[in-house]
Amino acid sequence: MDVLPHSNCENCEHFNADGLKKLGVDTTDFDYIVALAGNPNTGKSTVFNALTGLRQHTGNWPGKTVTRAEGAFQYNEKKYKLVDLPGTYSLLSTSEDEEVARNFILFGKPDVTVIVVDANRLERNLNLVLQILEITDKAVLCLNLMDEAKRNNIEINIRSLAKDLGIPVVPASARYKEGIPELIQTISDVASGKIICKPHRIKNIPKDIEEAVRILSDKIKKEFPNIPNSRWIAFRLLEGDNQIIEALESGVFV
Amino acid sequence: MDKKNIHNIIALANELRWKIGDDFHDNLAEGIYADAAEIVEDAIIDKNRDRKERLDNKIDRIVTSRVWGFPIMFSILALVLWITIKGANYPSAFLADILLGDVRPMLKSFAASLNFPWWLSGFLIDGVYLAVAWVIAVMLPPMAIFFPLFTLLEDFGYLPRVAFNLDYLFKKSGAHGKQALTMSMGFGCNAAGVVATRIIDSPRERLIAIITNNFSLCNGRWPTQILLATIFIGAVVPASLSSIVSLGAVFGIAVLGIFFMFFVSWALSKTLLKGEVSTFNLELPPYRPPDFWRTIYTSIIDRTLIVLWRAIVFAAPAGAVIWLISNLYIGEQSIAAWMIHYLDGFGFLIGLNGVILLAYIVAIPANEIVIPTILMLTVLVTGLNVGEGAGVMFELDSVNDTASVLKAGGWTLLTAINVMLFSLLHNPCSTTIYTIYKETKSMKWTVLASILPVIIGFVVTFVVAQLWRIFVN
């Protein structure tokens, strides 16, 4: 894979000298926490490896990563701790991998959540993306496997996608290290607050549910003025999610 | 934050939930899909829509077809086994040469130069060191071949197709289709297979997958199967057929394991773990050419060495125990001899003998050391003049030597077949047992998962022994 062309940034001296330092498993003294989420088999672990320089095992079957893997990198004087979450299709059920992913985004309060999606299966992948955007408002979409999409003649309008989702979208082919420098820059911009996201909120919901969610969400906001995901908590309460009910009672959300 | 307000919110949520009805979950899911469809409508131009189907679909139609799916699966399994068995021979012999031929005498003379008492050098070198050396020599080469091969299949995208093919059988046996993936992992290492069950959503089906993972013949047990098949089963047919027949016997044991996996899954889902089979979406990922060298590298580092390290950690104390029970005497006999004596009766009943049973007890930490332990204990009991002395594990240089020791120990074709069966059907190794406990956090299920295979093993070997004695002898 070394014979493949790199992006200009990666060949640029300044970039390499001042910018990126892969820190492997050394996750001490970090400035920002970055979560890596996404459907199974979208190349999350490959992105993780590209960022940290680690060689976490990757495999072409859904559910490869069942535990959290952690690594770190440094970019322009800031240290980022990267947490690779298990790949899941959704965050609505209660299997162990989905709980690990959801709880980290919810309680681990990452500074940035990078959602890795397969450009070839965007529609199916958006299911998870839209759920994550209800939980956190600091996210980056990494549109991975662009090389395969190109081969499959799929063209994606990046700007329109970014506008609809309300978060930055970075096209990438992590296997060939394409798009990784841009991804790092975007992560850093979101973490530092240079980019402010206005994440998409789920719209196509029946009126009565929307109304119920609004009432609950307002009450939750009153109680916890600083949380970004009162709407999502309302969803979970309506679902009867005991873990969230317990979390509310114990005040974890404060 | 006010506790009372929180309670009010939760009470309100309960009330609203009742009002909006049962369809909430489905409505929300549909809403999300509708949003996704709108966004994609704007953003994607798929020039493909009307074009001819992709190559992936063509491959899938063959490897997941009713006719070819199973034959292809079994041939791939057989091919992987064959490469592993054939390829592991040479590096195994090479490692054994170095670790036992060169390093061990060096350690011995080093101990002598420091004036170690005999029991200390015996305990450390003949006990602990030898056990570790055997595990490395016997286990490392097959793992270093098997895991990368398996990983290449994984990276290519074949495993989800296996799950797809087997889904129907799993559903019939009341288990989760993803168990096909964890079962395949088990062929490498049961502990790894047990950890992999985390991909199964429902606790009931996950427990079934954990309890039955042991029926996947793991790497540590392949060498035992291969050796015995070669000595005893390959020998009853003409020489030209012997390697095919012995490979067939080993393959048959592996398939028998799969059969028991389905059978026990079914039995559990009808009794202790009753419940609905859950449905799931299994995405068949696109085939991707594996990144060959990277795959080899990571699978050796990530899997082979980690699994090997665990085996070593458990083999060292086992080596010490073997040496101790053979060298500590109670009255006239060593502890090992006493235990063999007591186990002999029960052993005969199930077509085995006391030596084999004791070897399995001692080798709970690591299945790899079963054969060397059996040989060592056999020599101890028969008083043959080969090997290295009391409590020293060894493996004889040639298959013929091994055969003659085992035959002197009273082994017949029945013994060999039953040891092969028992090697498939016995308790998981201690690493796996510990992993099961960590994953289930339940003593009850851990005990069940450990005991159940042994009971099945006793029943099967007992039946085989009785039938054999009636019809063959």
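Analyst: In this predicted model, B:Leu413, B:Leu414, B:Ile417, B:Asn418, B:Leu421 and B:Phe422 in helix 17 of chain B meet residues of helix 19 of chain B, among them B:Val454, B:Gly457, B:Phe458 and B:Trp468. Contact means heavy atoms within 4.5 Å. Helices (H or I, at least four residues) and strands (E, at least two) are DSSP runs, numbered from the N terminus. The model counts local features at pLDDT of at least 70 and side-chain atom pairs at pLDDT 80 or more, while totals for chains, interfaces and linings use all residues. Residues are numbered from 1 along each chain as its sequence is written, chains are lettered from A and ligands numbered from 1 in written order, and side-chain values use heavy atoms, without hydrogens and water.

User: Why is helix 17 of chain B called roughly antiparallel to helix 19 of chain B?

Analyst: Helix 17 (residues 413-424) of chain B and helix 19 (residues 443-471) of chain B pack at about 160°, with their axes 9 Å apart. Axes are lines fitted to C-alpha atoms, for helices over the stretch in contact, and angles run from 0 to 180 degrees between N-to-C directions. Angles under 35 degrees count as roughly parallel, over 145 as roughly antiparallel, 65 to 115 as roughly perpendicular and the rest as oblique. The pair is therefore roughly antiparallel.

User: How do the residues of the contact of helix 17 of chain B with helix 19 of chain B divide into nonpolar, polar and charged?

Analyst: They divide into 11 nonpolar, three polar and one charged. Ala, Val, Leu, Ile, Met, Phe, Trp, Tyr, Cys and Pro count as nonpolar, Asp, Glu, Lys and Arg as charged, and the others, Gly among them, as polar.

User: What makes helix 14 of chain B oblique to helix 15 of chain B?

Analyst: The axes of helix 14 (residues 354-362) of chain B and helix 15 (residues 370-382) of chain B come within 9 Å and cross at roughly 135°. That angle makes the two helices oblique. Their contact includes B:Val355 and B:Tyr360 of helix 14 of chain B, and B:Val370 and B:Val381 of helix 15 of chain B. By class, this contact has nine nonpolar, two polar and no charged residues.

User: Why is helix 10 of chain A called roughly perpendicular to helix 1 of chain B?

Analyst: Helix 10 (residues 230-239) of chain A and helix 1 (residues 3-20) of chain B pack at an angle of about 65°, with axes 8 Å apart. The pair is therefore roughly perpendicular. A:Leu237, A:Leu238 and A:Glu239 make the contact from helix 10 of chain A, with B:Ile9, B:Ala13, B:Leu16, B:Arg17 and B:Ile20 from helix 1 of chain B. Six of these residues are nonpolar, none polar and two charged.

User: How do you know that B:Glu38 forms a salt bridge with A:Lys203?

Analyst: A salt bridge is a side-chain nitrogen of Lys or Arg within 4 Å of a carboxyl oxygen of Asp or Glu. For B:Glu38 and A:Lys203, the closest N and O atoms are 3.7 Å apart. The count between chain B and chain A is one salt bridge, and over all chains it comes to 17.
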